[in-house]
Amino acid sequence: MEWKPVPECKRNGNITTYIVEVFNSTLSEIQDANVTGLSKVIEGLKEYTNYSVRVFARSAAGESPQSEYQNTTTHQAGS
């Protein structure tokens, strides 16, 4: 997964990390990952499962607005 930097006017200071939130709508589970760059390989996903993913930035002053959810469905491993 890749994303663009938060626009400067919405950063709340210098960005220290991005938070990637992955919601498994089948199991109603959320997993978070802290990322310092602009991309993240999300591991441990289940086959044939619906996920919603969003990203937001964190700075010393707080968090940026969250992105809109991007929805996706995983496929069989190796396909």
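Hi everyone! A quick note before we start: this is a predicted model, where local features need pLDDT of at least 70 and side-chain atom pairs count only at pLDDT 80 or more, while totals for chains, interfaces and linings use all residues. Residues are numbered from 1 along each chain as its sequence is written, and side-chain values use heavy atoms, leaving out hydrogens and water.

Let's begin with Val 6, in the segment before strand E1 (15–24); strands here are DSSP runs of at least two residues, numbered from the N terminus. Is Val 6 buried or exposed? Val 6 is buried, because its relative accessible area is 13%, and buried means under 20%, exposed over 50%, partly exposed in between, with a 1.4 Å probe and protein chains only. Val 6 has contacts (heavy atoms within 4.5 Å) beyond four places in sequence, including Tyr 18 and Ala 57.

Val 6 also belongs to the largest nonpolar core, which has ten residues, among them Trp 3, Val 35 and Val 53. Such a core is a set of buried Ala, Val, Leu, Ile, Met, Phe, Trp, Tyr and Cys residues joined through side-chain atoms within 4.5 Å. E1 and strand E3 (50–59) each give two or more residues, and E3 supplies the largest share, four.

Now, Glu 21, in strand E1. Glu 21 counts as buried because its relative accessibility is 10%. Which side chains does it join through polar contacts? Arg 54, at 2.7 Å, and Tyr 69, at 2.9 Å. A polar contact is a pair of N or O atoms within 3.5 Å; within protein, one must be able to donate a hydrogen and the other to accept it, and residues adjacent in sequence count only if both atoms are side-chain atoms.
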